[in-house]
Amino acid sequence: MTAPTTSADFDRAYRSPITFWGDIRIPEELQTLVRQGAPRSALELGCGVGRFSRYVARQGLRVTGVDFSSVAIAKARAGAAKDDVRPDFLEGDVTHLEALSGPYDIAFDVGCFHCFDAQGQRAYVSEVSRLLKPGGTLLVWALDSSPADVPLSPAALKDVFAPGFELADARKSRRRLAASHWYWMVRASR
Ligand SMILES: C[S@@+](CC[C@H](N)C(=O)[O-])C[C@H]1O[C@@H](n2cnc3c(N)ncnc32)[C@H](O)[C@@H]1O
């Protein structure tokens, strides 16, 4: 199976009732991120149907979830319609987030960053740098192998995110049984 990369690919995948990445458990890493330092606002990059954004909103944060799949965003909005507190779901490309001004206290991404080629990675880093407050943490879960054939490893991410971010930690993961890492990036103080 070819991994989806475009919004049309993801729209097709989200029209199906289940997706192969649809792990509904809330990752411990995300739970830890939300508990540390009393953050009040969060940005989710590539939120899909919004499960993780909704979890973070339930913890009392103001949340914006962004995804370029209109089908995913429609499902995210429908899923959250009856929640007492709802994330703000935005249909948009995370490499062009002009509609948002931030700053957010934290940001997270479970499975979006590894979709990008080198140019996409640079645009993503530039947007998250602009939107995350100095000292804020970006948590990324990424596969070790990218559909775009771009190297993904602690060393590669350290380079791509410098100098705006410091790689504070990287831990091997077998989430979804795939060789992957959790990365903690801290936005440099200006
Ligand atoms: C593997 S899915 C993960 C979705 C969700 N985080 C989860 O774990 O259920 C990757 C998501 O990134 C989104 N995505 C990929 N490239 C994107 C881009 N350039 N802008 C916005 N969303 C993007 C896809 O539409 C998809 O929803």
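Visitor: Leaving aside its neighbours within four places in sequence, which residues is T64 in contact with?

Guide: The model shown here is a predicted one. T64 has its place in strand β2, which spans residues 62-67. With neighbours within four places in sequence set aside, the residues in contact with T64 are A42, L43, E44, D88, L100 and Y104.

Visitor: What distance separates the C-alpha atoms of T64 and L100?

Guide: L100 is one of the residues in contact with T64. Along the chain, T64 and L100 are 36 residues apart. Their C-alpha atoms are separated by 9.2 Å.

Visitor: Is T64 buried or exposed?

Guide: A residue counts as buried when its relative accessible area is under 20%. The relative accessible area of T64 is 5%, so T64 is classed as buried.

Visitor: Which residue has a side chain joined to that of T64 by a polar contact?

Guide: Among the residues in contact with T64 is a tyrosine, Y104. The polar contact between the two side chains has a length of 2.8 Å. The partner of T64 is therefore Y104.

Visitor: Where do the buried residues of helix α1 lie around its axis?

Guide: Helix α1 covers residues 7-15, and its buried residues are F10, D11 and Y14. These three cover an arc of only 105° around the axis, so they lie on the same side of α1. In general, an α-helix has 3.6 residues a turn, so residues three or four places apart point the same way. The place asked for is thus the same side of α1.

Visitor: Which exposed residues does the face of α1 turned away from its buried side carry?

Guide: The buried side of α1 holds F10, D11 and Y14, and α4 (70-80) is included in what covers them. The face turned away from that side carries the exposed residues R12 and R15.

Visitor: Which kind of aromatic pair do Y14 and W21 form?

Guide: The chain has 10 aromatic pairs. In the pair of Y14 and W21, the centres are 5.4 Å apart and the angle between the planes is 80°. Planes over 60 degrees apart count as edge-to-face, so this pair is edge-to-face.

Visitor: What are the relative accessible areas of Y14 and W21?

Guide: Under 20% counts as buried. Y14 is buried, and W21 counts as buried too. The values are 7% for Y14 and 15% for W21.

Visitor: How many helices and strands does the chain have, and why is the chain described as being as compact as a globular protein of its length?

Guide: The secondary structure comes to 6 helices and 7 strands. For 190 residues the globule rule gives 16 Å, and the chain is close to that value, so it is as compact as a globular protein of that length. The radius of gyration on which this rests is 15 Å.

Key: Residues are numbered from 1 along each chain as its sequence is written. This is a predicted model: local features need pLDDT of at least 70, side-chain atom pairs count only at pLDDT 80 or more; totals for chains, interfaces and linings use all residues. Side-chain values use heavy atoms; hydrogens and water are left out. Buried means under 20% relative accessible area, exposed over 50%, partly exposed in between (1.4 Å probe, protein chains only). Helices (H or I, at least four residues) and strands (E, at least two) are DSSP runs, numbered from the N terminus. The arc is that of the directions from the helix axis to the C-beta atoms. Contact means heavy atoms within 4.5 Å. A polar contact is a pair of N or O atoms within 3.5 Å; within protein, one must be able to donate a hydrogen and the other to accept it, and residues adjacent in sequence count only if both atoms are side-chain atoms. The radius of gyration is taken over C-alpha atoms; the globule rule is 2.2 Å times the number of residues to the power 0.38. Rings of Phe, Tyr and Trp (its six-membered ring) pair if their centres lie within 6.5 Å; planes under 30 degrees apart count as stacked, over 60 as edge-to-face and the rest as tilted.
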